[in-house]
Amino acid sequence: MEGLKLLVLFCMILSISAFGKGMGVKADPRAEPLKKEIPIIAYDVCLRAVESSFLQSNEIRKTSVKLHEDQLADMVENLCEPSEKEGKWIRALEIVLSDETETKSRQKELLVVEHKGEYGKCGRECETIAAACRKSLDNDLLDLSEALYKQKPSALAKLQSKFCKKQKKNKKPVPNDFKRKDEKFNVMSEDDIKMEDMQKSMQKSRLGGTMYHRDDFAGMDFSSMDEDMLGDMGQ
């Protein structure tokens with residue numbers, strides 16, 4: 001029955017998209033990045049971005065009969081976009097302010113990027129990481145895709161050293177008077193992810209329409225739907 005409900009929901013969204021009409025519920029607007037944090041985390045984000053591109057390129061190699069450079073160029077193009085599958089790695093990261101012992105008598109605050117092990121909804125921290133990724137690699141995307149095409153499977157450290165050298169040199173420390181409000185990491189359920197992927201696929205098919213959250217439909221009563229209609233849709 002759950003699969004049938006998902007199918008019904010898909011048809012409802014499809015109809016909305018086709019007619020360009022909404023149901024009064026829109027997805028949250030894209031959050032504003034925390035600009036003052038971008039230069040602090042840019043180096044760490046760059047390392048993770050290059051690592052993600054490296055891992056994704058290896059997967060493409062495994063699943064391709066013959067690897068084409070365009071495949072890697074397409075992947076790298078969306079690497080810093082959390083709404084795309086190639087940039088989904090960003091959705092699993094969180095920015096954390098932590099203490100590191102610099103000397104026996106002094107603690108130094110560090111702004112670090114941590115992996116959560118699951119995907120979250122993209123808020124301000126997510127968009128900040130995405131912005132740091134673009135700042136680090138936007139001018140080097142073509143070179144990165146070429147390097148991935150030529151690289152050996154064990155060349156990750158060399159790639160990170162090459163493409164993150166500038167960010168390492170320009171990494172900013174956390175100011176002494178630095179204060180920030182931590183953002184809650186809102187985990188996405190499997191259903192949330194499936195719904196988002198489905199809507200993204202519809203958008204790419206040029207159906208347009210409004211992006212919706214799974215929660216927007218949580219209050220809908222599917223039990224009142226005509227059984228014959230559900231039966232027809234389930235066939």
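Glu-94 is a buried residue in this predicted model, with a relative accessible area of 8%. The cut-off for buried is under 20%, so Glu-94 falls in that class.

What does Glu-94 pair with? Its salt-bridge partner is Lys-116, and the closest N and O atoms lie 3.1 Å apart. That pair links distant parts of the chain: Glu-94 sits in strand β1, while Lys-116 belongs to the loop between β2 (106–115) and α4, 22 residues apart. Lys-116 is partly exposed, at 36% relative accessible area. The general point is that side chains of opposite charge can pair when their charged atoms come close.

Next, Glu-81. The side chain of Glu-81 meets that of Arg-134 in a salt bridge, 3.3 Å from N to O.

Which residues does it link? Salt bridges connect Glu-37, Glu-125, Arg-180 and Asp-182. One of the contacts I can give a distance for is Asp-182 with Arg-180, where the side chains meet at 3.5 Å, N to O.

As for the total, a search of the whole structure finds seven salt bridges. Those I have described include Glu-94 with Lys-116 and Glu-81 with Arg-134.

Key: Residues are numbered from 1 along each chain as its sequence is written. This is a predicted model: local features need pLDDT of at least 70, side-chain atom pairs count only at pLDDT 80 or more; totals for chains, interfaces and linings use all residues. Side-chain values use heavy atoms; hydrogens and water are left out. A salt bridge is a side-chain nitrogen of Lys or Arg within 4 Å of a carboxyl oxygen of Asp or Glu. Helices (H or I, at least four residues) and strands (E, at least two) are DSSP runs, numbered from the N terminus. Buried means under 20% relative accessible area, exposed over 50%, partly exposed in between (1.4 Å probe, protein chains only).
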